Structures are given as structure tokens and as C-alpha cells.
Amino acid sequence: MPNQIIGKVLIIGQTENIQYRDKVFTKRELVLDCSHYDRYTGQQFENYVNLTFSGNKISELDNCQVGELVTVTFFLSGRKTEKEGSVKYFTNIIGIKIEPFVVNNGSQAQTAPAPISQPTPQAITQQSAQNAQVTQVQQPAPISGDVPDNNDDLPF
């Protein structure tokens with residue numbers, strides 16, 4: 001099942017030819033900076049993703065540039081190896097398609113989104129003061145008529 005990730009291109013690797021048994025395997029790596037900021041604390045969480053394009057998909061990387069904001073479609077592939085009684089599992093991120101990231105209004109983004117700035121202590125104080133202001137709520141006028149006057153708040 002394909003997934004998508006958005007990030008800034010950090011590294012576009014060279015095409016590598018790998019001999020495996022009697023076949024030649026071609027691959028090319030792409031590293032994305034998918035770091036993000038916590039919207040409440042402003043703390044940055046680093047996230048660098050290494051994707052592998054192989055076979056006829058390596059030509060997808062010819063159209064992108066370092067620093068460009070892109071959307072990559074990928075799938076996860078895992079394998080198990082057993083060696084000397086030890087079992088290990090490996091996960092690969094296989095790139096399928098890469099395209100420039102498009103903002104909602106249809107324009108193409110060229111750089112990563114700006115980090116969310118932290119509020120200043122003065123802004124926090126002002127916001128707290130505004131939230132602390134109490135406004136008086138006017139009670140509705142009593143309805144005159146056939147409604148009995150109950151002082152308890154039970155609904156029955």
C-alpha cells in the first residue's frame with residue numbers, strides 16, 4: 001500500500017550498480033528533511049528519511065533539486081535474515097514517485113514552511129489577562145404566567 005511524505009530534498013545520491021548473484025541491481029538514494037516543530041512548545045523534532053529508488057524508478061530523481069520541497073510516494077518493504085542462529089529484520093523505504101509539493105492554492109512551494117514562532121512572555125501575559133477578564137452575564141427576565149416557581153434544580 002503506497003504512502004506519501006513531504007520533505008525538503010537534502011541529498012540526491014548517484015546511481016549505484018550492485019551485483020547480486022547473477023543479476024545487476026541499480027539503485028539511487030534520496031534523503032529528505034521531514035523535521036517538524038511542536039506547535040505548543042516550538043521544539044524542533046529532527047526527522048531525516050532515506051528513501052531508495054530502484055530499477056526504472058531512478059529516473060524520477062532527475063527532475064528534482066536539492067532544497068526543493070517535494071511529495072514522495074513510497075511503500076515499505078521488509079525482510080528477515082538468519083545468520084549463525086541470530087534473526088534480524090530489515091525495513092526498506094522504496095520510492096515510487098516524486099513530485100514538487102503543491103500548496104492548496106495551486107502554486108508550487110520552493111522552500112520548507114517557516115517554523116512556528118514561540119509567543120513572547122509579554123504576549124502570554126496579555127493573553128492571560130484577556131482570558132481572566134470576567135464579563136457579567138445578564139440573567140433572563142422571569143417569565144410571567146402559569147409556570148410554577150420551583151427553587152430546586154431537579155428536572156422532575
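**Core and salt bridges in a predicted model**

Biologist: Leaving aside neighbours within four places in sequence, what is Ile 5 in contact with?

Modeller: Leu 32, Cys 34, Val 49, Val 70, Thr 71, Val 72 and Phe 74, where contact means heavy atoms within 4.5 Å. This is a predicted model, so local features need pLDDT of at least 70 and side-chain atom pairs 80 or more, while totals for chains, interfaces and linings use all residues. Residues are numbered from 1 along each chain as its sequence is written, and side-chain values use heavy atoms, without hydrogens and water.

Biologist: How many residues has the largest nonpolar core?

Modeller: That core has 15 residues, and Ile 5, Leu 30, Leu 32, Leu 51, Phe 53, Val 72 and Ile 98 have the most contacts inside it. A nonpolar core here is a set of buried (under 20% relative accessible area) Ala, Val, Leu, Ile, Met, Phe, Trp, Tyr and Cys residues joined through side-chain atoms within 4.5 Å.

Biologist: OK, salt bridges. How many are there?

Modeller: The whole structure has 4, counting a side-chain nitrogen of Lys or Arg within 4 Å of a carboxyl oxygen of Asp or Glu. One of them pairs Arg 28 with Asp 62, closest N and O atoms 2.8 Å apart.

Biologist: Which parts does that pair tie together?

Modeller: Arg 28 is in strand β3 and Asp 62 in the loop between β6 and β7, so the pair ties together parts 34 residues apart in sequence. Strands are DSSP runs (E, at least two residues), numbered from the N terminus.

Biologist: Is Arg 28 buried or exposed?

Modeller: Buried, at 13% relative accessible area. Asp 62 counts as exposed at 54%, the cut-off being over 50%.

Terms used. Buried means under 20% relative accessible area, exposed over 50%, partly exposed in between (1.4 Å probe, protein chains only). Helices (H or I, at least four residues) and strands (E, at least two) are DSSP runs, numbered from the N terminus.
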